[in-house]
Amino acid sequence: MTAFFNQFKIGLLPLYVLLAILTGSVTLVSCSKDDELEIQNDFPFEVQVMPVPKDVSNGQTVEIRMTIKRSGNYSNTQYFIRYFQFDGQGTLRYYNEPAYIPNDLYPLPTEQFRLYYTSTSTVSQSFDVWISDSFGNEKKLNFQFNSSD
C-alpha cells in the first residue's frame with residue numbers, strides 16, 4: 001500500500017513544480033509594478049453667485065454673494081480673486097477692506113464671501129471677476145449693470 005502512495009506522490013511531482021512556478025511568476029509580476037500612491041490635491045471648483053440687481057445708480061453699492069464649491073477637499077488649497085472693469089466706472093471691494101485695484105491678485109480667506117460693487121458712473125457698467133486656486137484652476141464671472149440714473 002505504501003508503494004502505491006509513493007508512486008502517486010512521484011506522479012504528482014511535476015504538477016507541484018508547475019504550480020510552484022506559476023505561483024512564483026504571478027507573485028513576481030504583480031510585485032514588479034512601479035505604481036506609486038497618487039495623492040490628488042488639485043480639485044476643480046465652481047463658483048455660485050446669488051442673484052444681483054440689473055440696475056444700479058451712481059453712488060449705489062450692490063452686494064455680490066459668492067460661494068466656492070469644490071469637487072474635493074484638500075486643506076492647503078488657496079483661492080485668489082482679481083477683476084477688470086471694461087465698461088463704466090466703479091469700485092469692487094471685499095467686505096470693509098480697501099477697494100481692489102483692477103488686474104491685481106488678492107487672496108480670498110474664505111470660500112463663502114461677499115463683494116461690494118459701488119457705482120461711480122451714470123452709464124452701464126461691466127466687469128469680469130476671476131477666481132483662481134493655487135493649482136491654476138480659474139473661473140471667470142461676468143457682471144453687467146444698467147444705469148438707473
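Here is a short chat about strands and aromatic rings in a predicted model.

Colleague: Where does Gly72 sit?
Modeller: Keep in mind that this is a predicted model. Gly72 is in the loop between strand 3 (61-70) and strand 4 (79-87).

Colleague: Buried or exposed?
Modeller: Gly72 counts as buried, because its relative accessibility is 18% and the cut-off for buried is under 20%.

Colleague: Okay, strands now. How many bridges pair strand 1 with strand 3?
Modeller: There are 5, and the pairing is antiparallel. Within it, Val49 stands opposite Met66.

Colleague: And which way do strand 3 and strand 7 run?
Modeller: Antiparallel, joined by 7 bridges. Thr61 has Thr118 in strand 7 as its bridge partner.

Colleague: Switching to rings: how many aromatic pairs are there?
Modeller: The whole structure has 9. One of them is Phe45 with Tyr79, which is edge-to-face because the planes are at 85 degrees, with the centres 5.3 Å apart. Phe45 is in strand 1 and Tyr79 in strand 4, so the pair ties together parts 34 residues apart in sequence. Both residues are buried.

Colleague: What about Phe127 and Phe143?
Modeller: That pair is stacked, at 5.4 Å centre to centre and 25 degrees between the planes. It links strand 8, which has Phe127, to strand 9, which has Phe143.

Colleague: Which aromatic cluster are they in?
Modeller: One that also includes Tyr83, Tyr117 and Phe145.

Colleague: Last one: what lies over the face of Trp130?
Modeller: Arg82, at 4.6 Å from the ring centre.

Note on methods: Residues are numbered from 1 along each chain as its sequence is written. This is a predicted model: local features need pLDDT of at least 70, side-chain atom pairs count only at pLDDT 80 or more; totals for chains, interfaces and linings use all residues. Side-chain values use heavy atoms; hydrogens and water are left out. Helices (H or I, at least four residues) and strands (E, at least two) are DSSP runs, numbered from the N terminus. Buried means under 20% relative accessible area, exposed over 50%, partly exposed in between (1.4 Å probe, protein chains only). Two strands pair if DSSP finds at least two bridges between them. Rings of Phe, Tyr and Trp (its six-membered ring) pair if their centres lie within 6.5 Å; planes under 30 degrees apart count as stacked, over 60 as edge-to-face and the rest as tilted. A charge sits over a ring if NZ of Lys or CZ of Arg is within 6 Å of the ring centre and within 35 degrees of the ring normal.
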